[in-house]
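I opened the notebook with the model on screen. I went through it entry by entry and wrote down what I looked up.

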Amino acid sequence: MDQATWKQVLSSGEDSNLTVQVMKKQFRLHKFPMMLASGYFAGLLRSGMSDSTNVNLDSLPGGEETMELVVNFCYQQPISDRLTVKNIGHVQCAAHYLDIKDLTAVCTPLLQRFTNITILGRQTVLSNCSQILSRCADVVPIAEASGVTSPCISSLTQYWTYTTFTKPRSAGTRKSRSNTPMMDVADPKVLSSWIDVTSSVPVVWISGIIEAVSSNPPPTWKELPTLLTDMHLRYLESQGSLTFREFDLLLKACAAAPARESYNFPFEVLEKMLVQQNEGVPRLSDRDMMQIIQGIDFTKLSQEALERAMTNERIPLKVTSKAGLTVCSKLRAQLAKLHETNNKKKEEHWKTKKEEHTKKKTMQQLQNNIQGSWNMWNPTNSSYGDADVTMIIEASCISDDRLNLAITRSFTNGGTYNTNTASGLVPLPRSLNDTASVQKMYYVSLSNECQQRPEYQFLLFNPSTNELWTPFRETHDGCRPDLLVQWNKSK
């Protein structure tokens with residue numbers, strides 16, 4: 001039969017051989033289309049029931065409105081344009097409940113679209129996910145089994161993990177090409193939107209979102225899972241609806257998150273719940289109590305909070321005592337590490353002082369050795385003849401490892417008195433007592449007014465033997481830079 005014929009059969013109700021009661025509404029149907037589309041009805045009606053079958057489906061997700069859409073689908077009527085964010089969750093749950101695979105195939109792509117941030121944008125998807133999960137709060141097991149919750153939790157996790165939180169963009173940087181604008185972690189609206197989105201969502205799914213965020217928190221805000229947990233605990237506490245099971249779910253959801261610095265707030269919430277329990281709320285068994293307090297790290301309580309825990313008769317003393325011993329061990333280890341660090345700092349301080357003193361002493365000795373008046377040993381056939389050549393060196397420390405030399409050379413030749421000046425830096429030797437150092441001549445590059453003269457280009461000084469050498473110009477016609485002249489220091 002075509003769609004028009006099926007529609008007429010459905011609307012007329014003629015020859016109905018199946019009655020389905022959903023809440024206050026009765027549906028007069030036919031076995032054939034229902035058994036053809038639904039595995040649930042096929043199994044039920046083949047089990048030997050009479051022709052005048054009456055089926056009660058008060059537990060059907062979504063109730064009467066959902067059943068109407070399901071019936072139309074079974075009678076070959078198009079319903080895609082009637083599926084919205086408000087009913088998609090219940091219809092997919094009903095498809096799973098009644099084992100209507102073709103209906104599930106229709107609902108799944110639509111559900112994926114309603115929860116796709118890339119297609120619809122951040123705010124729209126937040127609202128869609130909140131509505132879908134909230135409307136399925138009364139059928140949690142079926143919603144999970146039918147695949148309704150998975151895309152919603154995935155999108156909310158994506159929002160809180162990847163999309164929302166980024167470092168504030170510095171001036172001059174290019175804007176993101178993402179279709180979804182980013183939000184700054186400092187924006188107070190970010191956290192308030194969490195309660196707006198999740199206030200009506202069952203805690204079991206909230207814990208799923210927090211657990212997913214905990215496994216991969218935003219790089220710029222590692223503490224986010226802990227913050228979301230505490231914020232939801234505070235919200236439920238303010239509404240007076242927080243149960244021990246919800247407390248346990250939320251606290252353990254962020255167990256995989258980076259370590260919480262303090263458990264004072266969760267412990268304060270637990271204390272209030274225990275007080276309410278003593279005022280008439282059904283008392284937890286010791287076993288259940290142990291399971292709940294396993295989510296609290298008592299070693300991360302303040303001293304005041306730990307003292308209160310020790311005096312609380314509902315918290316086993318062995319738990320608080322173990323926490324106290326652990327804290328003492330940590331403090332002892334920290335003190336030992338601090339003592340070790342201080343000793344190392346003292347050793348480094350005295351070592352530095354010693355090195356500075358050695359440097360200063362070495363520089364002073366080097367300065368004393370090189371400064372003063374030096375007389376040249378006059379080689380045979382020199383251009384200076386028998387002239388009296390003197391070099392006066394003034395040395396001054398300009399840093400911990402450098403000497404500045406001011407050199408004046410004077411000689412009398414042919415009755416004429418001549419002077420030339422030069423200057424240079426002497427690097428500090430590693431140690432005057434270091435064999436490798438003192439056996440090496442120290443090269444000093446000189447700057448002077450007669451750069452063309454080789455004897456003004458450099459000098460070599462050995463601080464251990466107090467020897468000073470310079471190149472010597474042998475004749476007026478040529479120079480021998482490889483010929484070194486020794487100078488003797490005047491006493």
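A polar contact, as I use the term here, is a pair of N or O atoms within 3.5 Å; within protein, one must be able to donate a hydrogen and the other to accept it. I keep in mind that this is a predicted model.

**Entry: Thr115**

I applied that cut-off to Thr115. Its side chain reaches the backbone oxygen of Leu111 at 3.0 Å. I then placed Thr115 in the loop between α6 (101–114) and α7 (117–120). Is Thr115 buried or exposed? I find a relative accessible area of 3%. Because buried means under 20%, Thr115 counts as buried. Next I listed its contacts, leaving aside neighbours within four places in sequence. They are Val125, Cys129, Ile132, Pro151, Cys152 and Ser155.

**Entry: whole protein**

I stepped back for the totals. I count 19 helices and 13 strands in the protein. Of its 491 residues, 42% are buried. I also checked contacts with a separation of 6 or more: residues 24 or more positions apart account for 58% of them.

**Entry: the sheet with β1**

I turned to a sheet of 3 strands. It is open, with the order β2-β1-β3 and mixed pairing. The edges are β2 (25–29) and β3 (53–56), each pairing on one side only. From one strand to the next, the twist averages 20 degrees.

How many bridges join β1 to β2? I count 5 between β1 (residues 18–22) and β2, and the two strands run antiparallel. Gln21 stands opposite Gln26 in β2. Thr19 has Arg28 of β2 as its bridge partner. β1 and β2 form a hairpin with 2 residues between them. Met23, in that turn, has a positive phi of about 55 degrees.

On the β3 side I find 4 bridges to β1, and here the strands run parallel. Leu18 stands opposite Thr53 in β3.

Then I checked burial. In β1, 4 of the 5 residues are buried, so the strand is largely enclosed by the rest of the structure. I also noted helix α4 (residues 63–74), which lies across β1 and β2. The helix runs at about 15 degrees to β2.

**Entry: rings**

I searched the whole structure for aromatic pairs and got 3. What is the geometry of Phe267 and Phe298? Their ring centres are 6.0 Å apart and their planes are at 75 degrees. Planes over 60 degrees apart count as edge-to-face, so this pair is edge-to-face. Phe267 lies in helix α15 (residues 264–278), and Phe298 in the loop between α16 (286–293) and α17 (303–311). The pair therefore ties together parts that are 31 residues apart in sequence. I find both Phe267 and Phe298 buried.

I also noted a cluster: ring pairs link Tyr40, Phe41 and Tyr97.

**Entry: charges over rings**

I looked at two arginines next. The charged end of Arg234 sits over the ring of Phe265, 4.3 Å from its centre. Arg260 lies over the face of Tyr263, at 5.0 Å from the ring centre.

**Entry: Leu284**

My last stop was Leu284, in the loop between α15 and α16. Its relative accessibility is 16%, so Leu284 counts as buried. I took one distance here. The C-alpha atoms of Leu284 and Leu274 are separated by 9.2 Å, with the two residues 10 apart along the chain.

Key: Residues numbered from 1 in each chain as written. Predicted model: local features only at pLDDT ≥ 70, side-chain atom pairs only at ≥ 80, totals over all residues. Heavy atoms only, no water. Buried < 20%, exposed > 50% of the residue type's maximum accessible area, 1.4 Å probe, protein only. Contact = heavy atoms within 4.5 Å. Pairing = 2+ DSSP bridges. Axes fitted to C-alpha atoms, helices over the stretch in contact; angles between N-to-C directions. Phe/Tyr/Trp six-rings, centres within 6.5 Å; stacked < 30°, edge-to-face > 60°. Lys NZ or Arg CZ within 6 Å of the ring centre and 35° of its normal.
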